[in-house]
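Subject: Structure handover: helix packing and salt bridges

Hello,

Here is the structure for your files. Notes on its helix packing and salt bridges follow below it.

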Amino acid sequence: MKRILVTGATGQIGSELTLALRERYGNENVVAAGHKRKPSEELLNSGPFEIIDCGTISTVEKVVKKYKIDAIYHLAAILSAVAEAKPKLAWDVNINGLCNILDVAREHGCAVFTPSSIGAFGPDTPKDNTPQDTLQRPNTMYGVTKVAGELLCDYYNKKFGVDTRGVRFPGIISYVTLPGGGTTDYSVEIFYEALKHRRYTCYLKPDTYMDMMYMPDAIKAAIDIMEADPKKLLHRNAFNVTAMSFAPEKIANEIKRYIPDFVIEYNIDPVRQAIADSWPNKMDDSAAREEWGWKPSYDLASMTKDMLEKLSKKLEIKI
Ligand code: AKB
């Protein structure tokens, strides 16, 4: 990877991944592309920024040609809760947008990273130690687009030789950019509310387990898989990766170690609860560990400590 394009660069993962890629490959070699969200000053000032609508292939192709791009991190996507409310939009963005990226990559010889998700699994998938290769019959529009996306990426690899790679991300926790419209968003919101109000009303039941990951590990996963030796990859789209599995009551208890008067309450949102109930409790990510050396650095305890430290500084609120 020498000249990289990041779509969805203003989003939760994109905003931090772009900066990490710039540090690694040089500011001028990493083009951030956004569409609707306003880019941060840091993103704008540290390297090239372009407006791309992935639904319009010419806007993608123009930027790929202009910067002689050879790798695309395609992060522009609609998350699970919004996808349930706007299924047609989710299909357009998550599938038609991906098709455009893959076609441009095929034409211009780019490698492509596409994040899949724990949402690519469904209610019939084994919930505990969810295997790498297993039943994938999701009952959400987000899941439908994620499974179709995995298959499309594998197809472009086998049929046209495009170097496609991906991971199934769990919920991603970070103190920099807020997630937008996911089912796992509570795991970020809870920190903001704990610091600001010592109280959080959770939209999921206390014992709803899901896989999660702290942002530094998510960035590491995205970079490491693209740098992995292709000869060692038996899988491509997409690898299970996880760092921790917890439920709302568990993270609340961890936060209470630092903020003893913190209170969690529950007001269940049936739509997001049904989505979460259809996802794994905890994935088995041994294929990623074996094929490209995946190993997370943060668990629930170390992530919570770091999140509270960094977020309290950012919000200027003393713990
Ligand atoms: C969501 O909740 O939709 C995402 C995901 C797990 O893919 N964070």
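**Helix pairs**

Helix α7 (residues 186-197) and helix α9 (residues 248-256) have axes that come within 11 Å and cross at roughly 30 degrees. Axes here are lines fitted to C-alpha atoms, for helices over the stretch in contact, with angles from 0 to 180 degrees between N-to-C directions. Helices (H or I, at least four residues) and strands (E, at least two) are DSSP runs numbered from the N terminus.

This is a predicted model, in which local features need pLDDT of at least 70 and side-chain atom pairs count only at pLDDT 80 or more, while totals for chains, interfaces and linings use all residues. Residues are numbered from 1 along each chain as its sequence is written, and side-chain values use heavy atoms, with hydrogens and water left out.

α7 and α9 are therefore roughly parallel to each other (angles under 35 degrees count as roughly parallel, over 145 as roughly antiparallel, 65 to 115 as roughly perpendicular, the rest as oblique). On the α7 side the contact (heavy atoms within 4.5 Å) is made by Tyr186, Ser187, Ile190, Phe191 and Ala194, and on the α9 side by Pro248, Ile251, Ala252 and Ile255. By class, that contact has eight nonpolar, one polar and no charged residues (Ala, Val, Leu, Ile, Met, Phe, Trp, Tyr, Cys and Pro count as nonpolar, Asp, Glu, Lys and Arg as charged, the others, Gly among them, as polar).

For helix α1 (residues 12-25) and helix α8 (residues 215-227), the axes come within 10 Å and cross at roughly 55 degrees, which makes α1 oblique to α8. Residues of α1 including Ile13, Leu17 and Arg24 meet residues of α8 including Met215, Ile219 and Glu227. This contact has nine nonpolar, one polar and three charged residues.

**Salt bridges**

The count comes to 15 salt bridges (a side-chain nitrogen of Lys or Arg within 4 Å of a carboxyl oxygen of Asp or Glu). In one of them, Arg198 pairs with Asp261, and the closest N and O atoms are 3.6 Å apart. Arg198 lies in the loop between α7 and β11 (199-202) and Asp261 in the loop between α9 and β15 (263-266), so the pair ties together parts that are 63 residues apart in sequence.

Arg257 and Glu254 also meet in a salt bridge (2.6 Å, N to O). Arg257 is exposed at 57% relative accessibility, whereas Glu254 is buried at 12% (buried is under 20% relative accessible area, exposed over 50%, partly exposed in between; 1.4 Å probe, protein chains only).

Regards
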